[in-house]
Amino acid sequence: MAPPSSAAGGLLLWLHGSAETGEQSRAQVAPYFSAVPELRLSFPTTPIACYGDEVITAWFGIPGVPITATTVRDEKGVLKAVEHVHEMINKEVASGTSPTSIFVCGLSQGGALAIASVLLYPQTLGGCVVFSGSIPLSKSFAEKVPPEARKTPVLWLHGMADGLVLFEAGHAGCAFLQELGMACEFKVVQKHARRVIQILDTRWWMKSSIIFDNGYWSV
């Protein structure tokens, strides 16, 4: 897993869904941020075995679909993936990027990893955007969420018609964050949280969460 390259400005770290790749995500997402040169984009890819002997691109094992509000995960695998994400964030911070200029975003399983990584990171980040994801950790992990992590704002978009990660899982995830005292804005999408308008919503949300006031934020 290659870490994002370091430079001045902010970073958007995008985590793909299972059976997808970072390059696929780049093709779908990067064009909508081309007018924001201060924000660098990183789309890592990682493969693991998920279904028996079959190897697909995924961040941790998949217990089965659909994912519901009560689905039990391989938390050991989740925590190992979180460590990888933290390594990328730590290298970025060590290069001089402010933690509050780093956004961790993800779709489906990538969204689950994004929010888990933010919850367990010891510093406040710029924000987290979850597209049709879920909380992949049990509520017992609430006591392990650092005070600084609870200050990271979250935007959660979830499709009503998502058949892989059910709407109930997303709604329960946002409610869990609010129980922790975190600022979580939940937006309902009538179909799937992949459409252009949701990416544009993300841009506007990020604009309000970070100081990029050089006139580049245009729709």
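## Pockets and helices in a predicted model

Helix 4 (residues 167-179) gives six residues to the lining of the largest pocket, the most of any contributor. Keep in mind as you explore that this is a predicted model.

Let's stay with that pocket for a moment. The largest pocket has 19 lining residues, and those nearest its centre are Ala69, Ile135, Leu137, Ser138 and Lys139. For the second largest pocket, the lining is made up of 21 residues, with Ser18, Ile62, Val65, Ser108 and Gln109 lying nearest the centre.

| Pocket | Space | Lining by class |
|---|---|---|
| Largest pocket | About 330 Å³ | nine nonpolar, six polar and four charged residues |
| Second largest pocket | About 270 Å³ | 12 nonpolar, six polar and three charged residues |

Now to helix 1 (residues 22-29), where Gly22, Ser25 and Val29 are the buried residues. These three cover an arc of only 60 degrees around the axis, so they sit on the same side of helix 1. On the face turned away from that buried side, you will find the exposed residues Glu23 and Ala27.

Ser117 belongs to helix 3 (residues 109-119). Ser117 counts as buried because its relative accessibility is 0%, and buried means under 20%. Which residues does Ser117 contact, leaving aside its neighbours within four places in sequence? They are Val82, Val85 and His86.

Technical notes. Residues are numbered from 1 along each chain as its sequence is written. This is a predicted model: local features need pLDDT of at least 70, side-chain atom pairs count only at pLDDT 80 or more; totals for chains, interfaces and linings use all residues. Side-chain values use heavy atoms; hydrogens and water are left out. Helices (H or I, at least four residues) and strands (E, at least two) are DSSP runs, numbered from the N terminus. Buried means under 20% relative accessible area, exposed over 50%, partly exposed in between (1.4 Å probe, protein chains only). Contact means heavy atoms within 4.5 Å. The arc is that of the directions from the helix axis to the C-beta atoms. On a 1 Å grid over the protein atoms alone, a cavity is a set of points where a 1.4 Å probe fits but cannot get out, and a pocket is an open set with protein on both sides within 12 Å along at least five of seven lines; lining residues have an atom within 4 Å of a point. Grid points are joined across faces, edges and corners, and a volume is the space filled by probe spheres set on the points. Ala, Val, Leu, Ile, Met, Phe, Trp, Tyr, Cys and Pro count as nonpolar, Asp, Glu, Lys and Arg as charged, and the others, Gly among them, as polar.
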